[in-house]
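Please open the structure in the viewer and keep the selection tool at hand.

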Amino acid sequence: QRCVKWISSSLTLVLMVTSAAIGGTLQYGYNLAIMNSPTIFIQTFINETFLERWDIQLEDYQVTLVWTIIVSIFSLGGFAGALIAGPMTIHFGRKKCLLLNNIFLMAGALLALTSRAAKSFEMIIISRALVGINSGISMNVQPMYFGESAPKHLRGALSSSSAVFAAFGVALGQVVGLREILGSEPCWQYLLASNAIPGLMQLLTLPWFPESPRYLLIDRGDKEACINALRRLRGCEVQSSELDEILQEQAETKGMRPRRPWELFTDRSVRWQLISVMIISSAMQLCGNDSIYFYASYVFREAGISDDKIQYITIGTGSCEFTASIICNLLIERKGRRFMLMGGYIFMTIWAVVFTIALLFEHYVSWMPYLSMACIFTYILSFGLGPAGVSVVLPTELFNQTARPAASMIAGSMMWLNLFIIGMIFPFLVSELREYCFVPFGAVCLLSALYVGLFLPETKGKSLSAITSDFHKLNFKGQDAKCASQTKAQYQLGEVCLSTAL
């Protein structure tokens, strides 16, 4: 009977995760990947539109600029989504926020579908911005929903599953984007609108699953609903220790309103937590991994791969990250966050160096293009093994309930802003630096590994109070024991540190 209950609880948790992620972070990866295949067709459409409207024949660099705007507006939409995700989760809850998020997705899909008939590339730009908003919200809310719904021993694995679905979305988008499926000239508008299907699946399934138990008790004060949610997610009677932990956090934050993002910048008790999530979220994009999906054709062409093989090789990149994300999901609770994150960035640094050497000698050694291609795969594989999964877990684990939405907004904003910057400069970086195009990314990976190794404490299996205690050693380094003790108590109550300690 106990075994049956365990299977039942696991099944409920797995189905809840699948339902939320299909319309959540899967959309992020999917919408990154589908823009690569129709590049030439959409660029031709842009040129034809200008010619028909204004009788202007665009230069190649002008077409590239408009195309870059279409690609990068997705990131600005994501930035806007990250900013509104916090208030939405506070007012509507985690689950309802994910459901409402599909409004942006469906509107974007409709615009993409009708853009060709309307002969408007501007509709594609607006569509990509709306899809970006959808992805920005889901990238913030989904890990929060999973982290608050999971038992402590599965918290990291469940939160990092967001990265697994994002990687699966990349692989799925690359397959659907094949010219034999929807990546052909007559079908590119259907490819851009195909993201509505996962969104529809989420709308049909997610309402059947419970809201985050921590949100129900701490934010809404509904103990009975919290217990019912825990009972459904665990498949058995609620463990008193788990409920006591949530009740303790409720007591510590009682009477406190949710923190605003700018308040975290002035609170010394969360200084290093905030610095850590900002650096790790920025490094996740500045390492250049996700830009490879935007501009896979540019990268592989620079590596010496023929055009007719590129669309098939790009599927391997998504498959690599998907496989690595699954491995990371299985190892994160065994090896810990710090080990996986630092190891991933160290390997990425190594492969960036090897890739640069391979590019330098590709015209002198016949097999160098294949080494270049292998380096791209191993670079993505290393990203999936650590940074992809761990980066989304940290905001959930480093902050309490009142600060978590604000911290997620800041982390998400840094991620999307840096994705926009890299997305805008990446094709020009490849064309200008050529063989040395991955040197800046390797430097980012090296610096990120050093930061993690020197400053980021391990959070595996620890309660919020234990994690807070670890960070107090950094936040109040040099302070006497009495001041640190007082400040710790204040942070646990969600209050701002005394001015004398600032």
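How far apart do the end C-alpha atoms of residues 367-394 lie, and how much of the span is helix? Select these residues: the end C-alpha atoms are 41 Å apart, and the span is 93% helix and 0% strand.

Before the next stop, some conventions are needed. The model is predicted, with local features requiring pLDDT of at least 70 and side-chain atom pairs counting only at pLDDT 80 or more, while totals for chains, interfaces and linings use all residues. Residues are numbered from 1 along each chain as its sequence is written, and side-chain values use heavy atoms, with hydrogens and water left out.

**Annotated spans**

The UniProt record, an unreviewed entry, gives the feature "transmembrane region" at several spans, including 367-394 and 406-430. UniProt positions follow the numbering used here, feature names are shortened, and annotations may be inferred rather than shown by experiment. Select residues 406-430 next: this part of the chain is 100% helix and 0% strand, and its end C-alpha atoms are 35 Å apart.

**Salt bridges**

Side chains of opposite charge can pair when their charged atoms come close. A salt bridge is counted here when a side-chain nitrogen of Lys or Arg is within 4 Å of a carboxyl oxygen of Asp or Glu. Across the whole structure, the search finds 10 salt bridges.

Select Arg404 and Glu148, whose side chains meet in a salt bridge at 3.1 Å, N to O. The pair links distant parts of the chain, 256 residues apart: Arg404 belongs to helix H22 (residues 404-433) and Glu148 to helix H7 (residues 121-149). Helices (H or I, at least four residues) are DSSP runs, numbered from the N terminus. Are these two partners buried or exposed? Arg404 is buried at 5% relative accessibility, and Glu148 is buried at 3%. Buried means under 20% relative accessible area, exposed over 50%, and partly exposed in between (1.4 Å probe, protein chains only).

Move to Glu185 and Arg116, which form a salt bridge with the closest N and O atoms 2.4 Å apart. Glu185 lies in the loop between helix H8 (155-176) and helix H9 (188-193), and Arg116 lies in helix H6 (residues 102-118), 69 residues apart. Glu185 is partly exposed at 36%, and Arg116 is partly exposed at 24%.

Finally, select Arg260 and Glu263, a salt bridge with its closest N and O atoms 3.8 Å apart. Salt bridges that share partners join Arg259, Arg260, Glu263 and Asp267 into one network.

Methods. Helices (H or I, at least four residues) and strands (E, at least two) are DSSP runs, numbered from the N terminus.
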